[in-house]
Amino acid sequence: SSRAPAPRVCVVGSGPAGFYTAQHLLKHHDLAQVDIYEKLPVPFGLVRFGVAPDHPEVKNVINTFTQTARSERCAYYGNVAVGRDVTVGELRQAYHAVVLSYGAEDNRILGIPGENLPGVYSARAFVGWYNGLPENRDLNPDLSCETALILGHGNVALDIARILLSPLDLLRKTDITDCSLAALACSKVKRVWLAGRRGPLQVAFTIKELREMINLPGTQPVLNPADFTGLENAVKDAPRPRKRLTELMIKTALQKPGEVAAQAAAARQWGLKFQRSPQEVLPTADGRRARGVRMALTRLEGSGESAKAIPTGDVEELECGLVLSSIGYRSLPLDPAVPFDTQRGIIPNSMGRVEGAPGLYCSGWVKRGPTGVIITTMNDSFDTAQSVLEDLQGGMLDVSVSREGFGAVGSILRSRGVRPVSFSDWEKIDAAEVVRGKAAGKPREKIVDPQEMLQLIGH
Ligand code: FAD
């Protein structure tokens, strides 16, 4: 009936998981009100701070998210770090349901000697740097060497290789930050190796990203045909994406240098190294920075996706002044009151229902682990929203008691001196960024200093 109180739901995090969860709830419930809390002043998570600047089409999902945010039953509160500015317990008091969608804000570490030497960076920090993530704006990576080694065989590794080797003209028209563009203009890097512990049949990148790399102007792929011996046969009955991906690698490996016109005079190179596991980052003689990585050669035990890399005992040293470890993101526990599986790095849940915590849900990378593209995240967020809807319908969430929502949280935040950023505030920041980019022919020039964002909206 029209007298039924509106369920109030809050979502923590404004990346794809947060927005898709909100979208599904609003679409399939006529009364539900959804508040989205975000740590940064600006929304969209990895769509803004992860997706490569030269992949603007991927960022079109922002249009859908914007529509959701403009819904009358949706509100956005940026600049609010849950766990610090307001606890999950306080949110649970103020809302009928709380969905945790705060992503994966850390990275896995290599756990090898030398990992902290200057010249070694996590992919997460490097990506954050070129994408204007405030916490990485001062990374200032040293690009004065000729050879870079990326540890990892996923799409993030390929993103980084492409950014390092792209002709500057291709990047200039993107929303890459000015400061990283300037650094890349002075970069001496002309050779990029991507090394993985396992073989060509275990790579995690996808064909579109590989093809882009192969076709990168002025850059030549260097693949060793010996790495692919017999694989055409092995992959005959593999699922189609794996088969096509492997065939493309084989074809590229067998191409004679110069066969592809654009690559004839290539000044830059990239290549894949297989069955190599990093053992130690080697310091220069003065111990001040990285000069290479000692790799343990491996053999594969088992086959297919589950094959394990076992060190053979042989090692190899690879000279490189820049090491980027791209071995995965990692979620962190947010609040001691929320269960967390440190082993798997996720909030334990079934269908998005947090185990042992009625009314608490999760979606996105913090639910599944830090893998999968935006579409994967969308599907699992719809699943979580569906669980919320079922629990509302089944009476598992008591909506007869009305909850104050932001009415309560707003006063808590005020008492702690926290000033949220609204969605229309973000739209002002957005407009200012677009104006700044215009002169240079860029879609936007991102503001990388949160203080500057807040000043701009008069906070
Ligand atoms: P996130 O996008 O990380 O969103 C989490 C949000 O929560 C962030 O805004 C964060 O600031 C916020 N948050 C964190 N802690 C708190 C807190 N305490 N309080 C409040 N808010 C908090 N997918 C594609 O489909 N195409 C691509 O080209 C592509 N490129 C990628 C490139 C990189 C480098 C990476 C890492 C991923 C890429 N992906 C791509 C995958 C895609 O980004 C993810 O599937 C998706 O972003 C996961 O969504 P999420 O909402 O779970 O996490």
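**Reading a ligand site between two domains**

Modeller: Domain 1 (8–105 + 331–421) and domain 2 (108–328) each give residues to the shell around the ligand, so the ligand lies between them. The domain bounds come from an automatic or database domain assignment. This is a predicted model, in which local features need pLDDT of at least 70 and side-chain atom pairs count only at pLDDT 80 or more, while totals for chains, interfaces and linings use all residues. Residues are numbered from 1 along each chain as its sequence is written, and side-chain values use heavy atoms, with hydrogens and water left out.

Colleague: How many residues surround the ligand, and which are the closest?

Modeller: A residue is near a molecule if one of its heavy atoms lies within 4 Å of it. Here 33 residues surround the ligand, the closest being Ala-17, Glu-38, Trp-365, Gly-372 and Ile-374. By class, the shell has 19 nonpolar, 10 polar and 4 charged residues. Nonpolar means Ala, Val, Leu, Ile, Met, Phe, Trp, Tyr, Cys and Pro; charged means Asp, Glu, Lys and Arg; the others, Gly among them, are polar.

Colleague: Which polar backbone atom is 2.9 Å from a nitrogen atom of the ligand?

Modeller: A polar contact is a pair of N or O atoms within 3.5 Å. That backbone atom belongs to Val-82. A ligand nitrogen atom is also 3.4 Å from a side-chain N or O atom of Glu-105. The protein covers 92% of the 1,000 Å² of accessible area that the ligand has on its own, by the Shrake-Rupley method with a 1.4 Å probe. Helix 1 (16–28), helix 6 (155–165) and helix 13 are the elements that give two or more residues to the shell. Helices (H or I, at least four residues) and strands (E, at least two) are DSSP runs, numbered from the N terminus.

Colleague: What should helix 13 span?

Modeller: The expected span is 1.5 Å times one less than the number of residues. For the 20 residues of helix 13 (residues 374–393) that gives 28 Å, and the end C-alpha atoms are 28 Å apart, which agrees. Just after helix 13, Gly-395 takes a positive phi of about 75 degrees.

Colleague: Is Asn-79 buried or exposed?

Modeller: Buried means under 20% relative accessible area, exposed over 50%, partly exposed in between (1.4 Å probe, protein chains only). Asn-79 has 18%, so this residue is buried. Asn-140, at 59%, counts as exposed.

Colleague: What is the phi of Asn-79?

Modeller: Most residues other than glycine have a negative phi. Asn-79 has a positive phi, near 70 degrees, and sits in the loop between strand 3 (74–77) and helix 4 (88–94). Asn-140 has a positive phi of about 50 degrees.

Methods
A polar contact is a pair of N or O atoms within 3.5 Å; within protein, one must be able to donate a hydrogen and the other to accept it, and residues adjacent in sequence count only if both atoms are side-chain atoms.
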